[in-house]
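Hi there,

Here is the structure I promised to pass on. Please open it next to this email, and then read on for what turned up.

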Amino acid sequence: MPSGVANRKVISQSQVTLLQQWGYFMGSENVTPPTGGPSGSRKKSSRNAIIAIVVVVILIAAGLTAYELTRTGKSSQQSITVGTLYAGSGSFALSSGYQLAGLKYWINQTNANGGLMLNSAGKKLPLKLVTYNDQSSTATAQTEYTNLITTNHVNILVSDFGSTLTAPAVAIAQEHHQLLFDPTASSPGFFTATNPYIVDLSILVSSQWPLVLAHYIISQKSNITRVAILYLDQAFTTAQAQTLDSALVAAGITPVYYQSTSASSAAEYSTLLQSINATHPQAVLNFGYDTNDIAFFQALNANSMHFNFVFTIYAGLEYAVLNKQTPAGSLNYTYTYASPPDVQYSNVNLGPTTSSFVNSWTSAYGSGPNFNNIAGYNAGLLIGKTIETAGSLNQTALRQAANKLSGNTTTLEGPFVLNTTSGAQLGMPMDVMQYQPTSTGLRPVVIYPTDLATGTAVYPAPSVALSGGSPAAVSGPLMQAQPASQSFLNQQAFTSESMAAPVQVRFR
Amino acid sequence: MNFRKVFLADRRMLARDAGIMVLPLALLFLLGPMLFANQGLFMELAIYVMLADALNIVYGFTGYLPFGFGVFFAVGAYGTAILVAFHGWPVALAILAGALFSALLSLLFTPLLRLSGAYFAIASLAAFEAVYLIFSNSSLTSVTGGPYGISFTSVYAPNLDYAVAAVLAVVSALTVLAVSGSSFGIALKAIREDRFAVELAGVNSLKYRTYAWLISSFLSGVAGGLYGWYLGFFYPEAVFSLTDFSVLVIVFVLFGGRGTVFGPLIGVAVLFAVYEFLTLYFSNLVLIIFGVLLVLLILFIPNGIMEQVTRLGRLLFRPEEGE
């Protein structure tokens, strides 16, 4: 820069020295060791002053943030603070939002009734909800769970949806001796005898989900011997795939296709489906989350493929979403887990029956709830009952109260049965159903176990033009489920013990 | 060792800058958790300081941007977790070994250094994905925990972990200062400015870049080990997070000023605080606000805020030159 060169002639030696120092400070290549000088100290002081100003500004900003966080975090003594996270974006946004909606519904309902009775306070206290958005990021969730405990001082800590976003909370909750109420995380790795600060409220441990399904497929051995299993490489889905695989192998049915994947798009599933199709399977089971199931069905449609038996998890758990976001007719004859609201519990002793909850939810929101809505609400119901039973917000007392409820409580989601040592959920079984098209829409028909069945499966599934599929609406409730389904599990050969091989995968 | 040959910068100046660097960091890590009870925030800050310093060495000084930089972080976390959970190693030794695994992995990836620009960035991203798929593969469950993740909560000690992380964050910052003031650092910067000119001068640029790559991966591995220890239980995606441990770190370094000693530290301190604040209080808008903020920063201060500080210095000390 010519002008700069000209100016350089008139500046003082001390200024040159200072600029050299600045160059060094900036990491410039032109590093010339400073020589100092008689007039350098004033300039050095000025430079240091700027650095000090920058540092002070940063510290003030951090301090103000800290103050703000602390100030807003102070909880009222006149309420019970419930803290949870939700995923406002990212891969868990849909399911997390549904769970939170269910929990909020319970909180609003409880507050409308005057709050929760807390014996230690001698009165009913309103519930106050504190939430943070973890954006489906475990790193963000880690910070925010800590924030809920240490800054917001929540009385009740509820984890976000699923195992991935619950994992960061497990160790933190244990470290702070705060009971973690877990609505939908089912990884067996969370539940150990050494950690009394977690309790699984609304979902069966994932390795147990496919027990009924496995027994059903084996019972159909005369028709189904070529099974293809595709599963997402996450704990929730892998545990199910391994349990199923092991059970089938033990019964003499070795899957012709058994593959994990991280696929998330229809294009990726298309490639996988081509490979599956080449094995000529009689049954195709896809274990994934909602977004995976949507991509799976889109790929099926795009490739005009048809299989006699297709099973996915989320066809049942989030029927409305799947039905809306997959090509018309995709769910025809699809098998899935039977769970509320498709399975309805009328013989409950805590909260509303499934049907009355569905009705009140529908009148409030205009459309029916899905499984994760119910799981969130169910978690709230059990939290409320746990608090009332404990009579205080002491975290150890809360866990003991949850244990007391185990085995003698049935809610709209089924029997609440805890492993009272580890906190894992053993109730709320997952039966098998199939969506069968009728003139009025898809009808979810529970097909197994037989004592609870509301119909029989249509196998092989008729090949129909998917684009001309049946109407979308689900027609009516299907079955009146009883806790008997749990006893069914106990009577079967396929207990978790007998399937030790897949279940024993290393969780710790 | 001849100090003057290794460190071209004046010793007093190095010592003073070290003081300027250590004091605020020490205060922040010491007083932060007292002001604000959520120690987790400061733990993450320490981790990001280490990652930003590590990235600064390879990206800031040599100009090579590894988009899949987070792979070394993840391998450090996994190395530590596997050794503790499955082989019963003490945590300190496991963290060190985990960092060495990261350095070994970086050696395996040294052929990537023969690429440059976008090709290098994309190749490093592919390496990241490949390693992620290996670690999360269910066939390797007995070795890595696979998709079930890995747990070593038996040694969970967040307070000790934080103290170690805070000290090592300061050490990593001092490492960058030392590199910057050394003949090695000057060589790296020369490579960044004109690799071919440096090679024509007889300098083996690949050797220097490999050294930088090794130091950077080792530091990332240490950060990963500490973070894994802090989590206690993690799934593959928790540490193989491209957004959290690659993209965000790149943004921090760019914002502060890559290739500078203080820039990445200021970048982490300011942007991390902004990011966390937005996440906690404007969570629905965080991605929009942060995105717009980054666009503005790149448009108006592409070389980072340290450049603005320098300009301010020039205005104060050389007003006659003006702008």
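This is a predicted model: local features need pLDDT of at least 70, side-chain atom pairs count only at pLDDT 80 or more; totals for chains, interfaces and linings use all residues.

**Chain A: the domains**

Chain A divides into three parts: domain 1 covers 2-73, domain 2 covers 80-207 + 346-412, and domain 3 covers 209-339 + 429-503. Taken over C-alpha atoms, the centres of domain 2 and domain 3 of chain A are separated by 28 Å. Where these two touch, domain 2 of chain A supplies 19 residues and domain 3 of chain A supplies 23 residues.

Which elements give two or more residues to the domain 2 side of that contact in chain A? They are helix H4 (93-112), helix H6 (162-175) and helix H14 (371-390) of chain A. H6(A) gives the largest share of this side, with three residues. If you like to think in residue classes, the domain 2 side that touches domain 3 of chain A has 16 polar residues, three nonpolar and no charged ones.

**Chain A: a five-stranded sheet**

Chain A also has an open sheet of five strands with parallel pairing, in the order S4-S1-S5-S6-S7. Strand S4 (127-133) and strand S7 (198-200) of chain A are at the edges; each has a single partner strand, so one side of each has no neighbour in the sheet. From one strand to the next, the twist averages 25°.

**Chain B: the overall picture**

Chain B contains 16 helices and two strands. Its radius of gyration is 20 Å, which agrees with the value near 20 Å for a compact globule, because chain B has 323 residues. Along the principal axes, the C-alpha atoms of chain B fill a box of roughly 65 × 50 × 40 Å. Of the 323 residues in chain B, 56% count as buried. Among chain B contacts between residues at least 6 apart in sequence, 77% join residues at least 24 apart.

Terms used. Residues are numbered from 1 along each chain as its sequence is written. Chains are lettered from A and ligands numbered from 1 in the order in which they are written. Helices (H or I, at least four residues) and strands (E, at least two) are DSSP runs, numbered from the N terminus. The radius of gyration is taken over C-alpha atoms; the globule rule is 2.2 Å times the number of residues to the power 0.38. A residue is buried if 20 or more other C-beta atoms lie within 10 Å of its own, exposed if 12 or fewer, and partly exposed in between; C-beta atoms are placed from the backbone. Two residues are in contact if their C-beta atoms, placed from the backbone, lie within 7 Å. Domain bounds come from an automatic or database domain assignment. Ala, Val, Leu, Ile, Met, Phe, Trp, Tyr, Cys and Pro count as nonpolar, Asp, Glu, Lys and Arg as charged, and the others, Gly among them, as polar. Two strands pair if DSSP finds at least two bridges between them. Axes are lines fitted to C-alpha atoms, for helices over the stretch in contact, and angles run from 0 to 180 degrees between N-to-C directions.
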